[in-house]
Amino acid sequence: MIRLDKLSPGVKAEIEKIDTDKLPLKLIEMGCLPGNLISIVQKAPFNDPLYIKIDESHLAIRKETAKDIFVRLI
Amino acid sequence: MSKSLNIALLGNPNTGKTSLFNSLTGLSQKVGNYPGITVEKKEGICMLNRTTKGHIIDLPGTYSLNASSIDESVVIETLLNKTGKDFPDVSVVVTDVENLKRNLLLFTQVKDLGIPTLLVINMADQMKRKGISLDIPVLEKALDTKIALISTRDNKGLEVFKETILNYRKFSTDPSISIETIDKEYFQNLGKAFPNQSIYKLWLVVTQDVNFIKIDRKRVSDATDFKTVTPSYLKRLQQKETIKRYQFINNVLKQGLKVDRESATDLRSRFDRVLIHKFWGYIIFFIILATIFQSIFDWSSIPMDFIDSTFANLSETLKNKLPRGVFTSLLTEGIIPGLGGIVIFIPQIAFLFLFISILEETGYMSRVVFLMDRGLRKFGLSGKSVIPLISGTACAIPAVMATRNIENWKERLITILVTPFTTCSARLPVYAILISLVIPEGSFFGLNYKGLMLMTLYLIGFGMALFAAWILSKTLSIKSKSYFVVELPNYKIPLLKNVGITVWEKTRTFVTEAGKIILAISILLWILASYGPGRNFNEADQIVLQNYPELNQEEMEIKVNSYKLENSYIGILGKTLEPLISPLGYDWKIGIALISSFAAREVFVGTLATIYSVENDVEDTIKNKMASEVRANGEPLFNLASGISLMLFYAFAMQCMSTLAIVKKETNSWKWPTIQLFGMTILAYIIAFLTYQFLA
């Protein structure tokens, strides 16, 4: 299990665990839930923010938020 | 007899909800505000068949019924307020075929409110290309609803949509999920405390900042059984609810949706590779901005010259045709030049809104948010501040409202405070006329000096916004939880209709709103300039004759007019102000224009036009009148030093009462608009002073 911000772009992973208290509800509602597929599409300069794909949603989140998402490589 | 049906359009952002709204209502739509708040309310009329009228409300885009901004609260309040005049007879949830899963979350929530709900699946034309196939009867059964497939891009499916919606009474209003199963004990207690109410509605009241009829939020949160629940526990329940909804949706889609990834072509990644490239992404962004500002200046010069001369001719013709008198001079010296001062800027404003709406429609704007977030955070701003800062080039008022989706309060407040530094379209008239007067012809690497000067002014505006943000981020001590979630939608070719409606709607509002103020000010100025107290004004003819007996009749008339103006009410006001502004290179007439600019900056040109018209009977274009103004020593009034000093004053000063009002509303305090008013204006004075002293 690794933190999302450590995931390399293009590598497919599955969300394993999230920090419910810290993650905004909006992100959870957009599909950031355990079991869903996640990958990093692109990183902005200095690796922040991250352009991620959860299921079919394409989102940008900051690195600090990504630290509250834990993923498993598949 | 025709019936009327309230229809609410809901949907995630970027699903084509507004395109559907535009297709249904066209130019019959009205844009206003929800009472008491500044959220934009869009409504329109659409004939569903010969006898039934649809009153359609385009509610703000939202990802769910859990509101995180005031715009989203409006959605919930409209849906919960059964006695409200906008309460929908039927709600329509618009979804994008490519994002069906996430879009359905909102659908299940809306359906659980017990309102008849139609599911619209948009972009049906994209299905084949994306390898998506839908089994509509299966989906209708599983979701227990009616589905209308539409394509707003080629206007398909609208007739079926209208037919379907007329049968709204037959739509099922059963909930998709039973919320009670998430936490039996908690929801049982909630139901006991407020019997005869829908549990899901109660739950929304508990978790949201909304009231609905008969139950107010305070009573719910005070009821004994709920005091023990911590915010963290509530959030866990919300997460459970979300999981439950997704389980339901996944189950539905397993039956009715097939995606063949092989046949999908991926335009997104190809564009993204270039447009948000670590290096080229920024270069492209800069080139796009430069192109926009160059073309605003170049493309609009022809219609602007035409409008300018048309108004001058109109004044001249009317003056010759109408009998001489107070009314004629009010019309030809007050109203027409004043209105000319606003109409002339329609081309530039329309172009600006055109570009901004294209950037948003294509999906490029959110890429800019992604590109700029990290950099802007260094200045205490958010990537999302890009949208206010760029739309601030149109007008600070919608820009301040656009800060609402910035989740972090400190970042949002700073964005609100610095947005008025960006060059709004009301400054454009001032810059445009001053640039054409004081900046020489010539070009530099194919870019003409005038265009470059305009671009420099825009950059100065952005630069000052960033600098001020940096200072504020170091000095304001506000702690707030920060997060940042942005959707990066698919790239789209902008719909001509959407862009056209936006440009028309915004330009029309600008002209009518500004037009009203300008008309009023023009009349007021004309009165103040045409009348004066005492002997100096009323016996100007004799005084001038005594002092300058050698003048011929024509020279005499000019001298009398300017003597009168100096001693009119406005002249006295301007002269009083002159000592304060002469170190900046301005005369008292510019001083008048500065004062009236506090109502709205674009009044500047109209004010000068009115003053010069009263003073000088010769009808000419505004520009020529300004060019022929001279100082006491015979030098032109508008030269490089005074022109640039004036432009910089306008760049930095807070001269817009409407912006101050909106900042007061959005920050809910007089403190911040006061800081803006004095901070920005003092800064403007100092910089204009230094500029003039250095250049003159």
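This is a predicted model: local features need pLDDT of at least 70, side-chain atom pairs count only at pLDDT 80 or more; totals for chains, interfaces and linings use all residues.
Arg102(B) sits in helix α3 (residues 100-111) of chain B and Glu487(B) in strand β12 (residues 485-487) of chain B, so the pair ties together parts 385 residues apart in sequence. A salt bridge here is a side-chain nitrogen of Lys or Arg within 4 Å of a carboxyl oxygen of Asp or Glu. Helices (H or I, at least four residues) and strands (E, at least two) are DSSP runs, numbered from the N terminus.

Over all chains, the whole structure holds 32 salt bridges. Here are some of them:

| Pair | N to O distance |
|---|---|
| Asp373(B) and Arg377(B) | 2.8 Å |
| Glu566(B) and Lys575(B) | 3.4 Å |

Asp373(B) and Arg377(B) share helix α15 (residues 364-377) of chain B, four residues apart, or about one turn of the helix. Both also belong to a network of salt bridges that links Asp48(A), Arg62(A), Asp373(B), Arg374(B), Arg377(B) and Glu411(B).

How open are these residues? Buried means under 20% relative accessible area, exposed over 50%, and partly exposed in between (1.4 Å probe, protein chains only). Arg102(B) is buried at 4%, and Glu487(B) is buried at 9%. Asp373(B) is buried at 0%, whereas Arg377(B) is partly exposed at 24%.

Residues are numbered from 1 along each chain as its sequence is written, and chains are lettered from A and ligands numbered from 1 in the order written. Local features need pLDDT of at least 70, side-chain atom pairs count only at pLDDT 80 or more, totals for chains, interfaces and linings use all residues, and side-chain values use heavy atoms, leaving out hydrogens and water.
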